[in-house]
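Please keep the sequence and the coordinates in view while reading.

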Amino acid sequence: AVLMFGTAGLVWYGWWSIVGQYVVDTDNAYVAGKVGQVTPQTTGTVKAVEVNNTDRVKAGQVLVQLDETDAQVSLQAAEAALADAVRSVRGLYATTSQSNASVEQTRAEFKKAQHQVEQAAAQRRNAEDEYNRLANLRQQKFVSVESLNQAKTTLEAAEATLAAAQSAVNSAQA
């Protein structure tokens, strides 16, 4: 019996030293490994899951397929917003062109009003010279009072024309 237990012990020791020490058997084992959390970059409805729990995955591998409907709706909304922005910008350019044309027209009106002021000032000077000449002649009794009054009326009309032209210049400048 001692020989039998001794032989069984030697056989067991031989098996343990060659194979047994490398066999692990447990019912509550935990193997530590690299575990990474997967977080989405966008939200959406999951259409398919391509991997199972504890599967080995590689970089770039598709893990989940999302429904493309939400993304297409968002793309169409963005394209519509872009089209609205382009139309708005084109409208602003058109408005700018119209405004530039209006500014140029106002500048032309301003120059015209300035020329009218110059013309009215010249007419006023002529009317004043004529009035002064007739006033001197009236003192010497060479012209009638009626001619002097007519020259005065012409001078007053020229002053009114000058005032109106100056008002037009101020309006155009404003």
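Is arginine 124 buried, partly exposed or exposed? Arginine 124 is partly exposed, its relative accessible area being 21%, where buried stands for under 20%, exposed for over 50% and partly exposed for values in between, computed with a 1.4 Å probe and protein chains only. The model is a predicted one, in which local features need pLDDT of at least 70 and side-chain atom pairs count only at pLDDT 80 or more, while totals for chains, interfaces and linings use all residues. Residues are numbered from 1 along each chain as its sequence is written, and side-chain values use heavy atoms, with hydrogens and water left out.

Arginine 124 forms a salt bridge with glutamate 159, and their closest N and O atoms are 3.2 Å apart. This pair joins distant parts of the chain, for arginine 124 belongs to helix 2 and glutamate 159 to helix 3 (residues 145-173), 35 residues apart. Helices (H or I, at least four residues) and strands (E, at least two) are DSSP runs, numbered from the N terminus. A salt bridge requires a side-chain nitrogen of Lys or Arg within 4 Å of a carboxyl oxygen of Asp or Glu; by this rule there are five salt bridges. Glutamate 159 is partly exposed as well, with a relative accessible area of 32%.

Side chains of opposite charge can pair when their charged atoms come close. A further pair consists of arginine 133 and glutamate 130, whose closest N and O atoms are 2.7 Å apart in a salt bridge. Both residues lie in helix 2, three residues apart, or about one turn of the helix. Arginine 133 is partly exposed at 43% relative accessible area, and glutamate 130 is partly exposed at 32%. Salt bridges with shared partners also connect Arg124, Glu128 and Glu159 into one network.

Helix 2 (residues 69-139) also contains aspartate 84. The side chain of aspartate 84 meets that of arginine 87 in a salt bridge, at 2.3 Å from N to O. About one helical turn separates the two, because they are three residues apart in helix 2. Arginine 87 counts as exposed at 52% relative accessibility, whereas aspartate 84 is partly exposed at 44%.

Attention now turns to the nonpolar side chains. In soluble globular proteins, nonpolar side chains tend to be buried together. Leaving aside residues up to four places away in sequence, valine 169 touches Phe110, Ala113, Gln114 and Val117, contact meaning heavy atoms within 4.5 Å.

Finally, valine 23 is found in the loop between helix 1 (2-18) and strand 1 (46-49). Valine 23 is exposed, with a relative accessible area of 52%.
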